[in-house]
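Here is a short briefing on one protein model. Look at the fold first, then at single residues.

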Amino acid sequence: MPPERTLRAASALIALIGIGVAAYITIADSGGGHPLCVAGGSGCQTVADSSYSHLFGVNVAVFGIVGYVLLLGAALTPGDLGRFAGLLIALVGFGFSAYLTYLELFTIDAICQWCVASATLMTLLLGINVVRAVGYTGSEIGADTAAVPSARA
């Protein structure tokens, strides 16, 4: 099991990258455009122009920014509070990303590379936060070994 410090650092780094990806999508949308597909094609434009790219009039990437910022905060928060907050937020983010990916594949019929990147980052964050929560819950802050259940007499 990797040290919790390593898990927290990895989570923080991935969350920062996620903030960048979601911010790019948001900025591209706010200018009336769409994110450019790095490998070419029109998938990003098709996804950005769909009715599913906004929720309550807000670009879904804004919700991504909020989620990634909260995950960054959880990575920087030691102890069980950070562990459970990270797990809960990553689980919600993963579920939302899975839903949006489903829409891309089966409803919109187009794939946005930036959305796939964000979904991949959220999947990594879920995995890291599961390991952090399962491996370190109940252990003291700063401990780098997994919690060992105490024997009860």
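Is Asp 109 buried or exposed? Asp 109 is exposed, with a relative accessible area of 67%. Exposed means over 50% relative accessible area, buried under 20%, and partly exposed in between (1.4 Å probe, protein chains only).

This is a predicted model: local features need pLDDT of at least 70, side-chain atom pairs count only at pLDDT 80 or more, and totals for chains, interfaces and linings use all residues. Residues are numbered from 1 along each chain as its sequence is written, and side-chain values use heavy atoms, with hydrogens and water left out.

**Overall architecture**

- The protein has five helices and two strands. These are DSSP runs numbered from the N terminus: helices are H or I with at least four residues, strands are E with at least two.
- The order from the N terminus is α-α-β-β-α-α-α.
- The C-alpha trace spans about 65 × 30 × 25 Å along its principal axes.
- Of the 153 residues, 37% count as buried.
- Among contacts with a separation of 6 or more, 75% come from residues 24 or more positions apart. Contact means heavy atoms within 4.5 Å.

**Surface and charge**

**Nonpolar cores**

- The largest nonpolar core holds 20 residues. Such a core is a set of buried Ala, Val, Leu, Ile, Met, Phe, Trp, Tyr and Cys residues joined through side-chain atoms within 4.5 Å.
- Ile 14, Tyr 68, Leu 71, Leu 72, Leu 121, Met 122 and Leu 125 touch the most other members.
- Helices H1 (4-30), H3 (60-76) and H5 (113-136) each supply at least two residues of this core. H1 gives the most, with eight residues.
- Another core, of seven residues, lies apart from it; among its members are Cys 37, Cys 44, Val 47 and Cys 112.

**Residues in helices**

- Thr 26 sits in helix H1. Thr 26 is buried, at 18% relative accessible area.
- A polar atom of the Thr 26 side chain lies 2.8 Å from the backbone oxygen of Ala 22.
- Beyond its neighbours within four places in sequence, Thr 26 is in contact with Ala 61, Val 62 and Ile 65.
- Leu 100 belongs to helix H4 (residues 79-108). Leu 100 counts as partly exposed, at 21% relative accessibility.
- Leu 100 touches Tyr 52 and Val 60, not counting residues up to four places away in sequence.
- Leu 100 and Tyr 52 are 48 residues apart along the chain, yet their C-alpha atoms are separated by 8.2 Å.

**Positive phi in loops**

- Phe 56 lies in the loop between strand S1 (54-55) and strand S2 (58-59). Its phi is near 55 degrees, a positive value in a residue other than glycine.
- Phe 56 counts as exposed, at 78% relative accessibility.
- Asp 109 is in the loop between H4 and H5. Asp 109 is not a glycine, but has a positive phi of about 65 degrees.

Definitions and conventions: A polar contact is a pair of N or O atoms within 3.5 Å; within protein, one must be able to donate a hydrogen and the other to accept it, and residues adjacent in sequence count only if both atoms are side-chain atoms.
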